[in-house]
Amino acid sequence: MSAYGGKPVEDHRRKWDKAEYEKVAKERLEKEAQALLDETLGKKEKPVKRELLKPREYKVDLDSKLGKSSVITKTTPSSQQGGYYCNACDCVVKDSINFLDHINGKKHQRNLGMSMRVERSSLDQVKKRFEANKKKMEEKKKDYDFEERMKELKEEEEKQRAYRREKRKAQKRKADDTETGGNMDPDMAALMGFSGFGSSKK
Ligand SMILES: [Zn+2]
C-alpha cells in the first residue's frame, strides 16, 4: 500500500471517541453524585460484614512431613501432593514460610470468613488482661517459693538425721565403754564379772 495511492493514508494515531468518553464521564459523575446523595441520606450500601480477625487456637503443623517421602502421581489429589496444603483455600504452598504467609494472609482469612480488622480492646479488657497476667506471675512466684521451701525442709531433715546418727554413735560408744567397764569402778566391774585391763586384778 502506497502513501501515494488513491486511498487516504491510514492514521495510526489514537483518536478519542469523544462521544463515547463523554458518555462514560457523565455516567461516572452521575454515579458519584448518587453515591454522595445516598451517603448523606444514610442509604450507604453496606459492605459484606465479616467477622473480626481472631487468633488461631491450634498449633500450625509445619514439620509432621519433615524427612518423609511419598510417591505422587498425576492423579494424586492436591491435598496429598508435596508441600503444605490449605484446605480452606484448596491450594498447595511449597514451603513453610510461604504457608505461614498464606494462612496469615487476606485471601485465606477471607475464605475463613474473617476480615483483617482486629477488635479494638476496651479499657476494661486491657485492665482485665493486666490483672490476669499479674495473677499468673504471682502464682509462678508461689510455685517457686514452694519449691524453695521443700528444698530447705529436705536439707533440714538431712541435718537432723545426721545429728541423730552422730548421737546414736556416741551413745553406742559410751555403752561399749561401759560394757568393757572402762568408766566403772574396778570393784564393781569385778563384782559384775567384767575384767578390766590390768587394774581389776588384786
Ligand atoms: Zn488458605
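**Reading the chain**

A: Start with contacts: two residues are in contact if their C-beta atoms, placed from the backbone, lie within 7 Å. Leaving out residues up to four places away in sequence, I103 touches V60, C86 and H108. Two cautions come with this. The model is predicted, so local features need pLDDT of at least 70, side-chain atom pairs count only at pLDDT 80 or more, and totals for chains, interfaces and linings use all residues. Residues are numbered from 1 along each chain as its sequence is written.

Q: Where does I103 lie?

A: Helices (H or I, at least four residues) and strands (E, at least two) are DSSP runs, numbered from the N terminus. I103 belongs to helix α2. From C-alpha to C-alpha, I103 and C86 are 8.0 Å apart in space, yet 17 residues apart in sequence.

Q: Why does I103 count as partly exposed?

A: A residue is buried if 20 or more other C-beta atoms lie within 10 Å of its own, exposed if 12 or fewer, and partly exposed in between; the C-beta atoms are placed from the backbone. I103 has 17 other C-beta atoms within 10 Å, so I103 is partly exposed. G105 is partly exposed because its C-beta neighbours inside 10 Å number 14.

Q: Where is G105 found?

A: G105 sits in the loop between α2 (96-103) and α3 (106-111). Its C-alpha is 8.4 Å from that of M116, 11 residues away along the chain.

Q: How much of the chain is buried?

A: Buried residues account for 1% of the 202 residues. Take α1: the count of buried residues among its 24 residues is zero. Strand β4 (residues 114-118) also has a count of zero among its five residues.

Q: How do I read the length of α1?

A: The expected span of a helix is 1.5 Å times one less than its number of residues. Helix α1 (residues 18-41) reaches 34 Å from its first C-alpha to its last, close to the 34 Å expected. Just after α1, G42 takes a positive phi of about 75 degrees.

Q: Which strand pairs with β4?

A: Two strands pair if DSSP finds at least two bridges between them. Strand β1 (residues 51-53) pairs with β4 in the parallel sense, over two bridges. In this pair, E51 stands opposite M114 of β4.

Q: What pattern does the chain follow?

A: Along the sequence, the pattern is α-β-β-β-α-α-β-α-α. That comes to five helices and four strands.
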